[in-house]
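Visitor: Hi! Could you walk me through this one while I have it open?
Guide: Happy to. Let's take it piece by piece.

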Amino acid sequence: MSDPLQPIREQIDAHDRHLVELLNSRLALAAEIGKLKRSTGGQIYVPEREDAVFRKVTALNQGPIKNEALQAIYREIMSAAIALEKPLLIAYLGPEATYTHAAAIKKFGASVDYSAIATISDIFTAIEKGEADYGIIPIENSTEGSVREALDGFVDSDLKVVAQVYLEINHALISSTPLAQIDKVYSKDQALAQCRAWLQRHLPHAQLIDTASTAKAVQIAKDTPGAAAIAAELAAQVQGVPVVAKNIQDQNDNTTRFFVVGKRPSGPVGGGRDITSLVVSLGDEAAANSGSLLKMLMPFGQRGINLSKVESRPSKKRPWDYLFFIDVTGHYEDPAMKEAIAELRKFCPLVKWLGSYPSVQ
Ligand SMILES: C=C(O[C@@H]1C=C(C(=O)O)C=C[C@H]1O)C(=O)O
C-alpha cells in the first residue's frame with residue numbers, strides 16, 4: 001500500500017529546497033550590507049531595522065503560522081545575517097543559564113557569541129573597553145521593581161541603551177536535598193523576593209542567602225548539604241541538579257525587563273514605538289521649590305509626550321538628593337523631545353540621555 005504521507009512530504013521537500021535557496025539569497029544580501037557597513041563604520045546590529053522587519057513580516061502573515069513562531073524564526077534568520085556581517089560578542093550577567101542569558105538569546109538568537117560576566121558593572125566595563133560589542137542587563141522586574149546596580153551603572157557610564165527585551169520569569173526550587181530537609185536557600189536578592197510568600201509557606205525556617213546570580217546559587221547549592229537554589233529550570237538542567245518545585249514565584253505573570261547596552265545609539269522607529277530613557281537631577285531646585293518635581297515633568301506633558309516611568313534613586317552625593325530615571329515615549333531626535341529636553345536643561349543641573357530604543361521585541 002502506498003504511504004499517504006509520501007506525496008505531501010515530497011511537497012514539503014520541494015518547499016525546503018526553495019526555503020534554503022531563499023534564505024541563502026537573503027543572507028548574501030545581508031553580507032553585502034555588512035561589507036558596506038564595514039567600509040562606512042555602520043552599526044552591525046540595528047534594532048530599529050529589526051523592529052521594522054518584525055513588523056513587516058507580522059503584517060504579511062495570513063497564517064496558519066502564529067506570529068510568535070514567525071518572529072522566532074525571523075529572530076534566527078537575522079541572527080544568522082548578523083553573524084555573516086561580523087561575529088558579534090554579547091556580554092550577559094552570568095554564569096550560564098541565568099535569566100539574563102535566556103533574555104540575551106531571545107534578543108540576539110543562536111548565531112552570535114555570548115560571554116558570561118560576573119557583575120553588571122563588569123558588563124559596562126567590558127563594552128567600554130571593546131571586549132564585547134553589546135551587553136544585556138536586567139533593569140526591572142514586574143514584582144520587585146528596579147535592579148539598583150543597573151540604574152547606578154548608567155549614572156557613571158556613557159554607554160547607550162540600544163534595545164530592550166521582556167522575559168517571563170518562572171522560578172524553580174533546585175536542590176539534591178528533599179524539601180523537608182532544606183535549611184538554606186541561595187539566590188539573587190531579586191529572585192528571593194519574588195518567591196517570598198512561597199518560601200514563607202514551604203520553608204519558613206530556612207536561611208535566605210543572597211548570591212551574585214541565580215545560576216551561581218545553583219552552583220553553591222549543588223555542593224552544600226541542606227541547601228537549595230532558586231533559579232531557572234534551565235540552570236538545574238545545565239548543572240545537573242534536581243528540581244524540587246516548579247513555578248514558585250508569587251506572581252504568575254512575573255516578568256523582567258532587560259536593556260541591551262552598546263556604544264552607539266539606535267535610530268528612531270517612529271509611530272510612537274520609541275522609548276527614551278533619561279536620568280535627571282533637580283539639584284538645589286528641589287530644595288528651593290516644592291513644585292520642582294511637577295516642573296520636571298511639565299516639559300513632556302505640555303508637548304503630549306507620554307511618561308511611562310519615573311523612578312528615584314539617592315544620588316549618593318548628599319543625603320536626600322535624588323536622581324530621577326525617566327522613560328518617555330518618543331525618540332531623542334524627535335523635535336518635540338528635543339524641545340522638552342532643552343527646556344529641562346534650563347533648570348536641571350543634570351539631564352543625561354541614556355538612550356532611545358524600540359519599545360517592543
Ligand atoms: C542586514 C542588516 O543587518 C542586521 C540584520 C538584519 C536582517 O537580517 O534583516 C537587520 C538589521 C541588522 O541587525 C541591516 O542592517 O539591514
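**A chat about the model**

Guide: Let me begin with one residue in this predicted model: E140 is buried, as 20 other C-beta atoms lie within 10 Å of its own.

Visitor: Okay, and where in the fold is E140 found?
Guide: E140 belongs to strand β3, which covers residues 134–141.

Visitor: What does E140 touch, leaving out residues up to four places away in sequence?
Guide: With those left out, E140 touches G145, S146, V147 and R257.

Visitor: Let's zoom out. Which domains does the chain have?
Guide: The domain assignment gives domain 1 (5–82), domain 2 (89–169 + 256–262), domain 3 (172–245) and domain 4 (274–358). The C-alpha centres of domain 1 and domain 4 lie 39 Å apart.

Visitor: What about overall dimensions and make-up?
Guide: The C-alpha trace spans about 90 × 60 × 40 Å along its principal axes. There are 13 helices and 15 strands in the chain. Of its 361 residues, 36% count as buried. Looking at contacts with a separation of 6 or more, 74% are between residues 24 or more positions apart.

Visitor: I care about the ligand. Which residues surround it?
Guide: The ligand is surrounded by A30, I33, Y45, V46, R49, E50, V53, M78, A81, I82 and E85.

Visitor: How many of the shell residues are nonpolar, polar or charged?
Guide: Eight are nonpolar, three are charged and no polar residue is present.

Visitor: Which helices supply at least two residues of that shell?
Guide: Those are α1 (5–40), α2 (47–60) and α3 (67–85). The one that gives the most is α3, with four residues.

Visitor: How many bridges join β7 to β8?
Guide: Four, and the two strands run parallel; β7 covers residues 184–187. Within that pair, V185 stands opposite L208 in β8.

Visitor: Which bridges hold β14 in place within the order?
Guide: On one hand, seven bridges join β13 to β14 (residues 322–329), running antiparallel, and K309 stands opposite D327 in β14. β14 is also joined to β12 by seven bridges, again antiparallel, with S281 having L323 in β14 as its bridge partner.

Visitor: How many bridges pair β12 with β15?
Guide: Eight, in the antiparallel sense.

Visitor: Is β12 mostly covered or mostly open, then?
Guide: Mostly covered: β12 (residues 274–281) has seven of its eight residues buried.

Visitor: Last topic: why is α4 described as largely enclosed by the rest of the structure?
Guide: Eight of the ten residues of α4 (residues 99–108) are buried, so the helix is largely enclosed by the rest of the structure.

Visitor: Which residues of α4 are the buried ones?
Guide: They are Y99, T100, H101, A102, A103, A104, K107 and F108.

Visitor: What comes just after α4?
Guide: G109 does, and its phi is positive, at about 80 degrees.

Technical notes. Residues are numbered from 1 along each chain as its sequence is written. This is a predicted model: local features need pLDDT of at least 70, side-chain atom pairs count only at pLDDT 80 or more; totals for chains, interfaces and linings use all residues. Domain bounds come from an automatic or database domain assignment. A residue is near a molecule or strand if its C-beta atom, placed from the backbone, lies within 6 Å of it. Ala, Val, Leu, Ile, Met, Phe, Trp, Tyr, Cys and Pro count as nonpolar, Asp, Glu, Lys and Arg as charged, and the others, Gly among them, as polar. Two strands pair if DSSP finds at least two bridges between them. A residue is buried if 20 or more other C-beta atoms lie within 10 Å of its own, exposed if 12 or fewer, and partly exposed in between; C-beta atoms are placed from the backbone. Two residues are in contact if their C-beta atoms, placed from the backbone, lie within 7 Å.
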